[in-house]
Amino acid sequence: AIDLYEKCLAIQLGTLSLSHPDVAWTYGNMASVLKAQSEYVRATGLYEKCLAIQLETLGPGHPSVATTYGNMASVLTAQGEYDRAMEIYDQCMAIRLDTLGPGH
């Protein structure tokens, strides 16, 4: 799957801006595959790229940003970094509460 995402990313980077939301989406999907393969360092790096683009293009309160925070926290949880994961899960939850409300 990573090979296909890398091909997709190459096409996107050749046709879209580096900060296009579709590029962020591909980084996030690649990171999810790497997390599933226990390649946590690589996954974290790609989630960070994804997040940077999302923060720039969507803003810090966007639900997609919350999703990326949650994904990043899950990598930290898998690595046993529970305190840091909780900090990031809190960011995720704050965005979700703000955008979706407590009853969602």
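Which helices each supply at least two residues of the lining of the largest pocket? They are α2, α3 and α4 (63-78), where helices are DSSP runs of H or I with at least four residues, numbered from the N terminus.

A quick note on the source: this is a predicted model, with local features needing pLDDT of at least 70, side-chain atom pairs counting only at pLDDT 80 or more, and totals for chains, interfaces and linings using all residues. Residues are numbered from 1 along each chain as its sequence is written, and side-chain values use heavy atoms, leaving out hydrogens and water.

Now the helix pair. α2 (residues 21-36) packs against α3 (residues 40-57) at about 160°, axes 8 Å apart. That makes the two roughly antiparallel (an angle over 145 degrees). Among the residues that meet are Ala24, Tyr27 and Leu34 from α2, and Leu46, Cys50 and Gln54 from α3; contact means heavy atoms within 4.5 Å.

| Lining of the largest pocket | 6 residues | 8 residues | no residues |

For these classes, Ala, Val, Leu, Ile, Met, Phe, Trp, Tyr, Cys and Pro count as nonpolar, Asp, Glu, Lys and Arg as charged, and the others, Gly among them, as polar.

Conventions
Axes are lines fitted to C-alpha atoms, for helices over the stretch in contact, and angles run from 0 to 180 degrees between N-to-C directions. Angles under 35 degrees count as roughly parallel, over 145 as roughly antiparallel, 65 to 115 as roughly perpendicular and the rest as oblique.
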